[in-house]
Amino acid sequence: MRNDNEVRPRGRQFYFNPGPTNIPDSVLQAMHRPAEDFLTDAFKAVLRRTHTGLKKALRTDQHLLLFGANGHSAWEAALANVFSTGDKILMLETGYFSYHWTKMAQDLGLEVETIWANWRTGVSIAEVAERLAQDKAHEIKGVLIVHNETATGLVHPLAEIRKAIDDAKHPALFLVDTISSFASMPFDFDALGVDVAVGGSQKGLMMITGLSFTAISKKAMAASKVAGLRRSFFDWSAMVTVDPQRFPGTSPVHLIYGLDEALRLLHEEGVDNVVARHARFGAATRAAVRHWGGGARDDISISWDALQGSVSGIQILCTDESRLSDSVTAVFVPDGHDANEMRRIALDRYNLSLGQGLGPLAGRVFRIGHLGDMNEPMMLGALATIELALKAAGIPHRQGGVAAAMEVLSAA
Ligand code: PLP
């Protein structure tokens with residue numbers, strides 16, 4: 001509850017979390033409307049338009065379903081509809097979110113085998129290829145990956161994973177979490193041969209939290225007809241009985257209106273332009289961070305249980321240059337400094353909200369979310385403010401990161 005004596009900072013909060021993200025005013029306004037009968041043809045037309053818009057952005061003409069709940073619901077629906085109790089699935093470890101998807105799969109009764117990775121570099125595709133080639137009996141029923149690990153700012157090469165599955169002539173389904181990559185980094189459902197893609201509303205889509213979606217290949221839909229895990233609310237077969245889809249119970253009308261406007265904005269700009277804008281902001285952010293750190297790059301190994309090695313200076317967590325995320329950058333602070341104290345200063349003193357370190361990264365990193373409804377002045381303002389907060393928190397850094405970011409933006 002708000003304290004009446006609290007002095008509220010003037011101006012808009014600069015919100016640079018990697019989800020939820022900034023919500024455009026027109027999206028908020030689209031939801032500001034009276035209640036409406038969700039069974040009318042008029043509403044069905046809006047719902048149909050959101051399906052069309054999402055499929056266009058996902059680059060698929062296969063199946064799509066929306067759920068009136070956050071990303072965890074689409075995670076659960078994906079698992080519950082294509083697998084049976086005791087099925088073995090191969091999870092490629094990315095970090096915090098692959099850990100939680102794994103936990104959910106285990107709770108549902110699946111056997112999860114993990115390809116482990118250093119969170120700084122991500123999974124070795126050669127190891128994935130080798131494991132699939134070994135599995136002559138095709139015991140592995142699914143290969144699962146979080147495309148962009150929001151906790152680390154590392155994006156995995158989906159085409160290489162698809163190739164590893166194909167080279168092994170392996171029939172496993174390919175399930176991809178696109179929650180923090182959709183509508184900010186390239187993704188092509190059909191061309192990549194993805195079977196199930198899971199997405200959420202509150203990141204690249206610039207919508208409020210509370211909607212998620214699943215794109216489903218024909219192969220995955222066929223698998224769902226024989227998959228044995230118990231399901232009710234999330235049962236795809238019940239949802240596809242009506243065109244474009246049925247929601248169990250009351251349809252989330254207001255969320256659909258918000259999504260409709262968010263998709264209008266997305267396609268007005270053009271998905272390729274949206275991706276290019278995110279690439280610019282990712283590069284600008286990284287230029288600033290590299291400048292602050294003055295070239296620091298330590299040998300650190302990160303897993304769920306441990307962080308080994310010392311951090312001598314500010315540096316980007318992801319060290320694989322080909323896997324840098326354009327939606328979020330995780331930044332190490334040097335040993336002996338607290339990333340959360342710096343975040344607190346940024347928020348309390350300057351009204352800038354940044355993401356915290358998750359799991360073993362708590363206090364060790366802060367995360368700059370540069371996705372969604374964002375432009376150059378916002379980006380530069382946030383980077384300048386981070387520099388102020390680093391100074392106020394006494395974290396050693398080289399001044400002038402904003403100028404480095406400006407170089408990138410003006411060259412783009
Ligand atoms: N997967 C990824 C990559 C995420 O970033 C998140 C949330 O941040 C989730 C899954 C879970 O989504 P939700 O919080 O909407 O349930």
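Is Val331 buried or exposed? Select Val331 to find out: with a relative accessible area of 0%, this residue is buried. Before you click further, keep in mind that you are looking at a predicted model.

**Stop 1: Val331**

Stay on Val331 and show the secondary structure. You are in strand 14, which covers residues 328-332. Now bring up what Val331 touches, skipping residues up to four places away in sequence: Val289, Ile314, Gln315, Arg364, Val365, Phe366 and Ile368. Val331 and Pro24 are 27 Å apart in space and 307 residues apart in sequence.

**Stop 2: two tryptophans**

Next, go looking for rings. The structure holds ten aromatic pairs. Select Trp75 and Trp101, whose ring centres are 5.7 Å apart with the planes at 10°. Why does this pair count as stacked? Planes under 30 degrees apart get that label, so the 10° between Trp75 and Trp101 makes them a stacked pair.

Colour the helices and you'll see that this pair links distant parts of the chain: Trp75 belongs to helix 3 (residues 71-82) and Trp101 to helix 4 (residues 96-107), 26 residues apart. Both Trp75 and Trp101 are buried.

**Stop 3: two phenylalanines**

Now pick Phe182 and Phe213. Their ring centres are 5.0 Å apart and their planes are at 65°, so this pair is edge-to-face. Check how covered they are: Phe182 is buried at a relative accessible area of 3%, and Phe213 is buried at 2%.

While you have that loop on screen, click Ser181, which lies in the loop between strand 8 and strand 9. Ser181 is buried, with a relative accessible area of 0%. Leaving out residues up to four places away in sequence, Ser181 touches His147 and Asn148.

**Stop 4**

Which residues form one aromatic cluster? Select Tyr96, Phe97, Tyr99, Trp119 and Trp304 together, and there you have it. Then jump to Tyr257 and look at the face of its ring: Arg33 lies over it, at 3.5 Å from the ring centre.

**Stop 5: the ligand**

Time to select the ligand. How many residues surround it? There are 13, and the closest are Gly71, His72, Thr150, Asp177 and Lys203.

- Gly71: a backbone N or O atom lies 2.8 Å from a ligand oxygen.
- Thr150: an N or O atom in the side chain is 2.5 Å from a ligand oxygen.
- Gln202: an N or O atom in the side chain is 2.8 Å from a ligand oxygen.

Taken alone, the ligand exposes 390 Å², and the protein buries 90% of that.

**Stop 6: Lys55**

Finish at Lys55, in helix 2 (residues 41-58). Lys55 is partly exposed, with a relative accessible area of 22%. Setting aside residues up to four places away in sequence, Lys55 touches Thr60, Asp61, Gln62, His63 and Leu64.

Definitions and conventions: Residues numbered from 1 in each chain as written. Predicted model: local features only at pLDDT ≥ 70, side-chain atom pairs only at ≥ 80, totals over all residues. Heavy atoms only, no water. Phe/Tyr/Trp six-rings, centres within 6.5 Å; stacked < 30°, edge-to-face > 60°. Helix = DSSP H or I, 4+ residues; strand = E, 2+ residues; numbered from the N terminus. Buried < 20%, exposed > 50% of the residue type's maximum accessible area, 1.4 Å probe, protein only. Lys NZ or Arg CZ within 6 Å of the ring centre and 35° of its normal. Near = heavy atom within 4 Å. Polar contact = N/O pair within 3.5 Å; in protein donor to acceptor, adjacent residues only side chain to side chain. Areas by Shrake-Rupley, 256 points an atom, 1.4 Å probe, with all protein chains shown as cover. Contact = heavy atoms within 4.5 Å.
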